Amino acid sequence: METKKLTRRAMLERGAVLGLVVIGASAGIGCGGAELDCTNPPGLTDAQRQQRQALSYVDRSPNPTQRCETCNFYTAPAQAGQCGGCALNLGNVNPQGYCSSYVARS
Ligand code: SF4
């Protein structure tokens, strides 16, 4: 059986690499970037919060075929990767979101 001696330098190098991997994973680096979060977008009013609650809005649809971005009430954002609009006064919503008023775009 072969035994390898780990030098102090080798252990420090491995520790540094592991640290970078952990930091990268927690920041979403290398996995397509951080996921868009539209759960509490800036400027959300109390009425919009109540509307979200009343319509059971979620930032990630439980059904991949029913998402805000395929909903008739959705307005795409000016730039990709941002929260979009909803005509039902929910404020800015996630393209991957969903609520109980979903209507498939025709
Ligand atoms: S109505 Fe609901 S599913 Fe449709 S865009 Fe608005 S929040 Fe999303």
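Start with the ligand, which sits in the largest cavity. Keep in mind throughout that this is a predicted model.

**Stop 1: the shell around the ligand.** Select Tyr57, Cys68, Cys71, Phe73, Tyr74, Cys86, Leu88, Leu90, Cys99 and Tyr102; these are the residues around the ligand. Which classes does the shell around the ligand contain: nonpolar, polar or charged? The shell has 10 nonpolar residues, and no polar or charged ones.

**Stop 2: the whole protein.** Zoom out and switch to a cartoon view. Two helices and two strands make up the list of elements in the protein. Along the sequence they follow the pattern α-α-β-β. Now show the surface. The protein exposes about 7700 Å², and carbon and sulfur atoms supply 57% of that area. How many of the 106 residues count as buried, as a percentage? The figure is 25%. Contacts can be shown next: among those between residues at least 6 apart in sequence, 67% join residues at least 24 apart.

**Stop 3: the loop between helix 2 and strand 1.** Helix 2 covers 46-54 and strand 1 covers 74-75; select Ser56 in the loop between them. Its backbone is worth a look: phi of Ser56 is near 55 degrees, a positive value in a residue other than glycine. Most residues other than glycine have a negative phi.

Pro64 and Tyr98 are 34 residues apart in sequence, while their C-alpha atoms are 9.7 Å apart in space.

**Stop 4: the segment after strand 2.** Strand 2 covers 85-86, and Asn89 is found in the segment that follows. Asn89 is not a glycine, yet has a positive phi of about 60 degrees. How accessible is Asn89? With 38% relative accessibility, Asn89 counts as partly exposed.

**Back to the ligand.** To finish, display the ligand again together with Leu88 and Leu90, which are among the residues around it.

Conventions
Residues numbered from 1 in each chain as written. Predicted model: local features only at pLDDT ≥ 70, side-chain atom pairs only at ≥ 80, totals over all residues. Heavy atoms only, no water. Near = heavy atom within 4 Å. 1 Å grid on protein atoms, 1.4 Å probe; cavity = no way out; pocket = protein on both sides within 12 Å on 5 of 7 lines; lining within 4 Å. Sits in = over half its atoms within 2 Å of the grid points. Nonpolar A, V, L, I, M, F, W, Y, C, P; charged D, E, K, R; others polar. Helix = DSSP H or I, 4+ residues; strand = E, 2+ residues; numbered from the N terminus. Buried < 20%, exposed > 50% of the residue type's maximum accessible area, 1.4 Å probe, protein only. Contact = heavy atoms within 4.5 Å. Areas by Shrake-Rupley, 256 points an atom, 1.4 Å probe, with all protein chains shown as cover.
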